[in-house]
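Subject: Structure for your review

Dear colleague,

Please find below the structure that I am handing over to you. My notes on it come after it.

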Amino acid sequence: MSAEAALVSVEGLTVRYGGRTVLDGVSFEVPRGSVFALLGRNGVGKSSLVRCALGLQKPTRGSVRLFGDDVWVSRSRAMARIGAVPEEPDAPPDMTAGELLAFCAPLYPAWDDTVARARLERSAVPLGARFGSLSKGQKGAVMLALALAPGPELLILDDPTLGLDAAARRGLFEELIGDLADRGTTALVTTHDIDGIEPIADRVGILHGAELVVNEPTDDLKQPIRRIRCAGSTGAFSWEPFEHAAVVERDWGRETVVTNFTEDRLEAFVARTGSSDVEVGALSLEEIFVLMTSVPGGRS
């Protein structure tokens, strides 16, 4: 992929803290106009990767390129084209939401104050309220308004719904869906809210054991993974030609999750078992994430 097509290029990124390696040779690209969801359990290195991507932390090895240039060489130029929301909302606690907008507006030539104020109004954030007095959800809304008001080419969000209640999480992703669709903004999003990101993620990366074990378009990732239920089967049984995870025995039969599903394999399986009651269902992205991070290599 060309540098122009990839707004973010992570190349062999390794991060160590003392003797602990949290990222080991991680590489991926975020194509222009796409939403890349970076998933992983707590402590797997998502925030470290974001800090490296924003030029806030020097990696042990490897590099991050933004808009084709190394972030450590061109950070000041790149930041003018990026909106970022940190894991923990951070702004001077005594400044009001309105003062924060007024402070940031002159820094960006394409700043849209009307849109920013409307976003805060929808999130019930008073312009006169001090940042330190706001709830976690309101602080997140301020951070998102500040990140989106300049009309960034690239949006980097580090677990933006962490600590929010269900309604606030839903509201944030609804805001994102609308904004990303309207602007065609490229986004790199780390998140624990897999249900929330699934509808807008074009591509999914999964960090596990310090490595990137998945890096695929969302539809391609989900296509070969299916839950298969086979009723009325007793005695000796084989799931060939499927590769499968753990089998669950039910009173009505068996079920498992297969990772190499195709219609041809399904036909072969039905013909071999002679079962007339086989049910195939898709898995959610969250279920796939659990599957991929429950085994040492990330694949069953």
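This is a predicted model: local features need pLDDT of at least 70, side-chain atom pairs count only at pLDDT 80 or more; totals for chains, interfaces and linings use all residues.

Residues are numbered from 1 along each chain as its sequence is written, and side-chain values use heavy atoms, with hydrogens and water left out.

The protein has a mean pLDDT (the predictor's confidence in each residue, from 0 to 100) of 89, and 95% of its residues reach 70 or more. Helices (H or I, at least four residues) and strands (E, at least two) are DSSP runs, numbered from the N terminus.

Asp-159 lies in the loop between strand S7 (154–158) and H6. Although not a glycine, Asp-159 has a positive phi of about 50 degrees. Its relative accessibility is 2%, so Asp-159 counts as buried (under 20% relative accessible area, with exposed over 50% and partly exposed in between; 1.4 Å probe, protein chains only).

Ala-210, in the loop between strand S9 (203–208) and strand S10 (211–217), is not a glycine either, yet has a positive phi of about 75 degrees. Ala-210 is buried, at 12% relative accessible area.

Finally, the peptide bond from Glu-240 to Pro-241 is cis, with omega near 10 degrees. Pro-241 is in the loop between strand S11 (226–231) and strand S12 (248–250).

Yours sincerely
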